[in-house]
Amino acid sequence: MASGLPILFLRVLGLPVALAASIDARAAVVQGEAREADGTPVAGTVITLTPRSARPPAGSIGQKTAVVDQKGREFLPHVLAVGVGTDVKFPNSDRIHHHVYSFSPAKRFEIKLYKGTPAEPVRFDRTGVVVLGCNIHDWMVGYVFVTAAPYFATTDDAGVWSLDLPAGDYTLDLWHPDLERIQEPFARSAVLSEGRPLNLHHTLVLKRLRRSGKPPASRQEEDYLGEP
Amino acid sequence: MARTFTISGRARTCFKLLAAAHLAMAPPLPAAEADAGEFPEFEVRGLADFRFLHPSAGLSWLDRNLGKFRFLGEGDSNLFRVNEGAITVKSRLNWDWSAAVTAKYAAWQKVAVDITESFLLFRPAESPLRFGGRLGMFFPPVSMENEGTAWSSPYTLNSSAINTWIGEELRVFGGEAQASYRFDGGDRLGLFAAGYGNNDTAGVLLAWRGFSLHDYEAVLNDRLPLPAGVGIQKIFPLQSPNTEPFVEVDGTPGFYVGATLERPALGKLRAVYYDNRGRTTAIENGQYAWHTRFGSVGLRLELPWDSLLIGQGLVGGTRMGAPTGGVFPVDVDFWACSLLLTKAFDAHRLSVRHDRFGTSDDDLFPEDLNRETGHAWTVNYNYVFERSHQLNLEVSVIDSDRAARALLGEDPRQDQTLWQVAYRFFF
């Protein structure tokens, strides 16, 4: 039971299962939540943890596949964090076409998604933020955060995240597509010890103007076609 | 003249065929989506708009008067209307090309169901430098408000003075080329240029009727009434009592050029210069060619707390007839601007717009009174539920001073008010 729980957590978070397998007796737990100052949970915050020692982490960093679905004419998840070298599949769960593209420096690509026909996965082999768009549905926007950090998590709708990893000293970073700044106090270093879970609370200040990536609230406002 | 007639006839036939071809591509209703995974992919959109109107505004311009709103009252001050029904069929032909046809029924419209737009759109995959374009019949890109289904506005029922005029008299029958450069941060700079025909009468309504405030968009075969009793027929006996907004009279194509600057989640700035290059000496079937040109600037700015600011300005002029000593029989300068502030409270939205406008004339016939000034306020509250249903309560007040009203025995300066309750269904 005790060992089953972290694996479940990682699965919920969409993290590589192989990472969980590398947890040994000296495993530590770090968990936290990201909220705005008024208490609103911030989903889609990426937390990365990099060991301070130059020693590479033991075992495999994990499975190298992930998924960004096109569903209800939005990218799901809105934010996906992956390790460098991950293959990301772009299935199309809608009954219409999508035309996914990015020209972010970290990965430029274009894939044409027919209804129900799987496309070849896209390998994200450089670190950075990849902004996804759809040429047919202008409001669609999604983010693939490609990191070299061996341990990372993404907050869920309740703003909560959790990671199991070896005890040690780590450098912690936070990223969110609408992040303006992280409210102080914010400690970038985290010391994780065995048997004592570390709880972290971060308060994020987000930009006032954001793109949700969701279809407009009214049908009336769904794209008027073709204006320059 | 015979040559002009041939071009005009051909041009109209050509666009009608294009429109018919688009309609023919539409699937039988109500199949909104094709089942096969291939092209073409169809999408059907539209709206139904029901109104209760309470005008305190005298007679409308539709009664051939100089009233500013759209209603045919027949003396009644409480009117129920099926204001409009519109349907847009979009067909995606392949990854780069799509087509869209919008047909509508509207209260008062001469042809029960007719076309407002029908065009092919070339929009290849997004890339830092992208070229695209439109071909067919479509609105020139002036309005920053009418970006909803069938050119409706999500903010108000009555369009602004500028956009009312765009809806009445301006349509491109031709092609528009677009180039846009997208910077790494997502900002976009776009340039566009178009050539078109069938817009030779554009401007006549601003000269002889003035600016107006409503939501009637002219259709392919439209005829719009000109004011009666203000001396137009006496001075210009060849002029038909109606203007046909989309005819080719002089065989000379017009153009517009423009630029767009856009920052995602912040706003959009667009400037357009339009010139229909009308040869003012041409007339055919009671329709004069008017030489109309204007510059237009529009700004759409997202503000914090779910609010949005839209500003538009337009300055131009229109001329008609053979000049004598450099002076034209009709020579009218016009200008208009508007500022709209709108804020959403979840499914509720409150919008306030102020319009100002004016025309001045300096031409051969001082008895043809085309001067006017005015301003208007429009306040709209709407509530959207289930994404498709929208309830509206709107009041528009317009205060205008038009000398020609004296010829009708009316006070040149008038305050006119229109209350509207609307239920709109979008599908």
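**Cores, contacts and backbone**

Modeller: The model is predicted. Leaving aside residues up to four places away in sequence, B:Ala336 touches B:Ala161, B:Ile162, B:Phe211, B:Leu314, B:Asp355, B:Arg356 and B:Phe357.

Biologist: How many residues does the largest nonpolar core have?

Modeller: In general, nonpolar side chains of soluble globular proteins tend to be buried together. Here the residues with the most contacts inside the largest nonpolar core are B:Met137, B:Ala161, B:Ile162, B:Trp165, B:Leu206 and B:Ala336. The number of residues in this core is 73.

Biologist: How many residues are in the second, separate core?

Modeller: This core includes A:Val122, A:Val141, A:Ala149 and A:Trp161. The size of the second core is 40 residues.

Biologist: How many charged residues are on the side of chain B that touches chain A?

Modeller: In chain B, 36 residues are in contact with 29 residues of chain A. Strand 2 and strand 7 (188–197) of chain B each supply at least two residues of that side of chain B. By class, the side holds 15 nonpolar and 10 polar residues, and its charged residues number 11.

Biologist: What is the phi of B:Arg64?

Modeller: Most residues other than glycine have a negative phi. B:Arg64 is in the loop between strand 1 and strand 2 (79–92) of chain B, and with 18 other C-beta atoms within 10 Å it is partly exposed. The phi of B:Arg64 is positive, near 65°.

Biologist: Which residue is joined to A:Pro77 by a cis peptide bond?

Modeller: Most peptide bonds are trans. A:Pro77 is placed in the loop between strand 5 (74–76) and strand 6 (79–83) of chain A. The bond in question has an omega of about 0°, and the residue it joins to A:Pro77 is A:Leu76.

Biologist: What is omega for the peptide bond from B:Phe39 to B:Pro40?

Modeller: B:Pro40 is found in the loop between helix 1 (2–25) and strand 1 (41–56) of chain B. The bond from B:Phe39 to B:Pro40 is cis, and its omega is near -5°.

Notes. Residues are numbered from 1 along each chain as its sequence is written. Chains are lettered from A and ligands numbered from 1 in the order in which they are written. This is a predicted model: local features need pLDDT of at least 70, side-chain atom pairs count only at pLDDT 80 or more; totals for chains, interfaces and linings use all residues. Helices (H or I, at least four residues) and strands (E, at least two) are DSSP runs, numbered from the N terminus. A residue is buried if 20 or more other C-beta atoms lie within 10 Å of its own, exposed if 12 or fewer, and partly exposed in between; C-beta atoms are placed from the backbone. Two residues are in contact if their C-beta atoms, placed from the backbone, lie within 7 Å. Ala, Val, Leu, Ile, Met, Phe, Trp, Tyr, Cys and Pro count as nonpolar, Asp, Glu, Lys and Arg as charged, and the others, Gly among them, as polar. A nonpolar core is a set of buried Ala, Val, Leu, Ile, Met, Phe, Trp, Tyr and Cys residues joined through C-beta atoms within 7 Å.
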